[in-house]
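This briefing goes through selected features of the structure shown below.

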Amino acid sequence: MSMTMTQKILAAYAGLESVVAGQLIKVQPDLVMAHDVSMPVVLNFYEMGGFKKVKYPEKMFLPMDHFTPCKDIKAAENCRRVREFAQANGIERFIDGGTGPVGICHALIPEQGLIAPGELAVGCDSHSTTYGAVGAFSSGFGVSDVASWMANGETWLKVPSAIKFHVTGELKPCVSGKDVMLWIIKTIGVDGALYKSMEFSGPGVKNLSMDARLTITNMAIEAGAKNGIFPVDDITREYLKGRVDRPYKEYCADQDAVYDNVVEVKLDEIDAMVAFPHLPENGHRVKDIKEKIYLTEVFIGSCTNGRISDLEAAAKILEGRKVAKGVRVLITPATPTVFKEALRLGYINTFVEAGCVILNSNCAACGSGHMGIIGKGEKALTTTNRNFRGRMGHIDSEIYLASPATAAASAITGYICGPEDI
């Protein structure tokens, strides 16, 4: 029976020759992630069932990345609780400073080689779809699902149907993976891939860097998808060198695999995009924006756009320039590795000289945790993944989504503009 790439991975983990969309299967994930926001709630469910020991502690990854360094007593107590649980269960991959590279979970996992092609990962965070960029199946999980897995070591999944995104052409200058995904979400809507697999293929895939792919799969959930996934190619293999030293299996979809529909993604026709409040599907080409939308804050970072290529794009535009008066510009490298590389390349100095504030590697303002929350009536242009009402602070604020290049250009003018306007 013909299968999509995702279905092949799920069939292998279910121990079946084939699976079909809608089928319920049992699987044993290779990696299960929960962080300082989700893990305390997971523990509430886990302890409610009277459980104490995790069946496969070596499969757990517990990065404290949202409110750390802890912003208040509640955050500190949550991290303490998770820390003690990790110690009691021999969970070595617990990270909160002093125990490993503190950083954003979805950036750390591929960077540190915790996921590989053909593997299966679940995370107690909706943006766990990110790791499909390396040809793995990865998806978000609920707190009760993770608690159940901790007790018995397996979980169930419903096999998704799929949409094929046929990619052709090359990106224009100053257009990135973020613009591609904002264009896709504008095209199909925030529920356009509801519980489906977003599978990317076509000759244009080779023109998307690994960082671009990670951004695209990160935001698959913004279209409602169960997962996003790219085929494994030379770009993938080069990225994995020095990160993954274990054997892995590369899967590809059958030629006659069945898709719900096919979306043509012509990279050379995509321009710099901005998603207006209050949904990621509210996308506009920057060059079509006629009014000047003045900003209070610009945020460059997050699990979506906090990698070294993102900081490079911003630094090239900010170099030798100053941010506009009255605009707060916050830069957050996603991981310490990214931070050190940005420091070595001089990007950090460029940002400081331009008038930006450099934050430590965490989620910062993205989920209105701390470090950049916006107030009533304020407008933020951000490289994060969501612009729901109140997502970054006051419910009467406005959030606009864009690429690092567009964010950097807008930081200079003080209003939303494209890189070509600088």
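This is a predicted model: local features need pLDDT of at least 70, side-chain atom pairs count only at pLDDT 80 or more; totals for chains, interfaces and linings use all residues.

A residue counts as buried when its relative accessible area is under 20%. By that cut-off phenylalanine 165 is buried, because its relative accessible area is 0%.

**Aromatic pairs**

- A pair of aromatic rings is described by the distance of the centres and the angle of the planes.
- The count of aromatic pairs comes to six.
- One of them joins tyrosine 46 and phenylalanine 85 edge-to-face, at 5.9 Å centre to centre and with 90° between the planes.
- This pair links distant parts of the chain, with tyrosine 46 in helix α2 (residues 39-48) and phenylalanine 85 in helix α3 (residues 73-89), 39 residues apart.
- Tyrosine 46 counts as buried at 1% relative accessibility, and phenylalanine 85 counts as buried at 9%.
- Another pair, phenylalanine 165 with phenylalanine 200, is stacked, with 5.1 Å between the centres and 25° between the planes.
- Here too distant parts of the chain are linked: phenylalanine 165 belongs to strand β8 (residues 161-168) and phenylalanine 200 to strand β9 (residues 196-201), 35 residues apart.
- Phenylalanine 200 has 4% relative accessibility and so counts as buried.
- Tyr46, Phe51 and Phe85 make up one aromatic cluster.

**Charges over rings**

- Lysine 59 lies over the face of tyrosine 56, 4.7 Å from the ring centre.
- Arginine 243 has its charged end over the ring of tyrosine 239, at 4.0 Å from the centre of that ring.

**The open sheet**

- An open sheet is formed by five strands in the order β4-β3-β2-β5-β6, with parallel pairing.
- β4 (94-95) and β6 (137-140) are at the edges and each has a single partner strand, so one side of each is left without a neighbour in the sheet.
- Strand β5 (residues 120-123) pairs with β6 in the parallel sense over four bridges.
- Glycine 123 has glycine 140, in β6, as its bridge partner.

**Helix α12**

- In helix α12 (residues 347-354) the buried residues are Tyr347, Ile348, Thr350, Phe351 and Ala354.
- Viewed down the axis of α12, these buried residues fall within an arc of 160°, so they line one face of the helix.
- The elements that cover the buried residues of α12 include α10 (308-318), β15 (328-331), α11 (336-344) and β16 (357-358).
- Glycine 355 follows α12 and has a positive phi, near 105°.

How values were computed:
Residues are numbered from 1 along each chain as its sequence is written. Side-chain values use heavy atoms; hydrogens and water are left out. Two strands pair if DSSP finds at least two bridges between them. Helices (H or I, at least four residues) and strands (E, at least two) are DSSP runs, numbered from the N terminus. Buried means under 20% relative accessible area, exposed over 50%, partly exposed in between (1.4 Å probe, protein chains only). The arc is that of the directions from the helix axis to the C-beta atoms. Contact means heavy atoms within 4.5 Å. Rings of Phe, Tyr and Trp (its six-membered ring) pair if their centres lie within 6.5 Å; planes under 30 degrees apart count as stacked, over 60 as edge-to-face and the rest as tilted. A charge sits over a ring if NZ of Lys or CZ of Arg is within 6 Å of the ring centre and within 35 degrees of the ring normal.
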